[in-house]
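Visitor: I am new to this structure and would like a close look at a single part of it. Please take your time and go through that part step by step.

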Amino acid sequence: MTRSQPRRARGTVGHAYSALNLRLALASFGLVIMAIFAVLAFLADILWLGVVCAFFAVVAVVDLVVIQRRRAARHREEPGVRHSLFE
């Protein structure tokens with residue numbers, strides 16, 4: 001069963017362990033920036049930098065998947081509740 005917060009985390013439903021919506025925005029920004037930098041690095045023939053940026057873009061994608069699963073679990077626990085960016 002997926003939970004909106006990891007087990008043994010400090011936080012409750014009312015006071016979340018992490019601001020999931022803010023993490024979603026930051027991970028999305030990181031994905032876009034790292035993908036752009038990877039493309040630019042490959043076009044400039046700086047392969048090592050392109051590989052590093054592509055790796056961080058993949059990390060951002062994995063983080064987005066984790067965040068979305070936690071947001072979905074939070075939505076199942078609290079149906080109809082809308083959260084601000086910092087909740």
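Which helix do the buried residues of α2 pack against?

Guide: The model shown here is a predicted one, and in it the buried residues of α2 pack against α1. To place this part, the secondary structure of the protein chain comes to 2 helices and 0 strands, with α1 covering residues 20-43 and α2 covering residues 47-77.

Looking at α2 itself, its 31 residues should span 45 Å at 1.5 Å a residue, and this agrees with its end C-alpha atoms, which are 45 Å apart. The buried residues in α2 are G50, C53, A57, A60, L64, I67, R70, A73 and R74.

Buried in α1 are L20, N21, L24, A27, M34, A38 and A41, and α2 is included in what covers them.

As for how the helices are arranged, two packed helices are described by the angle between their axes and the distance between the axes. Here α1 and α2 pack at an angle of about 160°, with their axes 8 Å apart; angles over 145 degrees count as roughly antiparallel, and α1 and α2 are therefore roughly antiparallel to each other. The crossing in which α1 passes α2 is left-handed, and the contact of α1 with α2 has, by class, 21 nonpolar, 5 polar and 5 charged residues.

Between α1 and α2 lies a loop, and D45 has its place there. Most residues other than glycine have a negative phi, whereas the phi of D45 is positive, near 60°. D45 is also exposed, because its relative accessible area is 65% and exposed means over 50%.

Stepping back to the protein chain as a whole, buried residues make up 23% of its 87 residues. Among the contacts between residues at least 6 apart in sequence, 67% join residues at least 24 apart. To return to the request, then, the part examined here is α2, whose buried residues pack against α1.

Conventions. Residues numbered from 1 in each chain as written. Predicted model: local features only at pLDDT ≥ 70, side-chain atom pairs only at ≥ 80, totals over all residues. Heavy atoms only, no water. Axes fitted to C-alpha atoms, helices over the stretch in contact; angles between N-to-C directions. Helix = DSSP H or I, 4+ residues; strand = E, 2+ residues; numbered from the N terminus. Parallel < 35°, antiparallel > 145°, perpendicular 65-115°, else oblique. Left-handed = near helix turned anticlockwise from the far one by under 90°. Nonpolar A, V, L, I, M, F, W, Y, C, P; charged D, E, K, R; others polar. Expected span 1.5 Å × (residues − 1). Buried < 20%, exposed > 50% of the residue type's maximum accessible area, 1.4 Å probe, protein only. Contact = heavy atoms within 4.5 Å.
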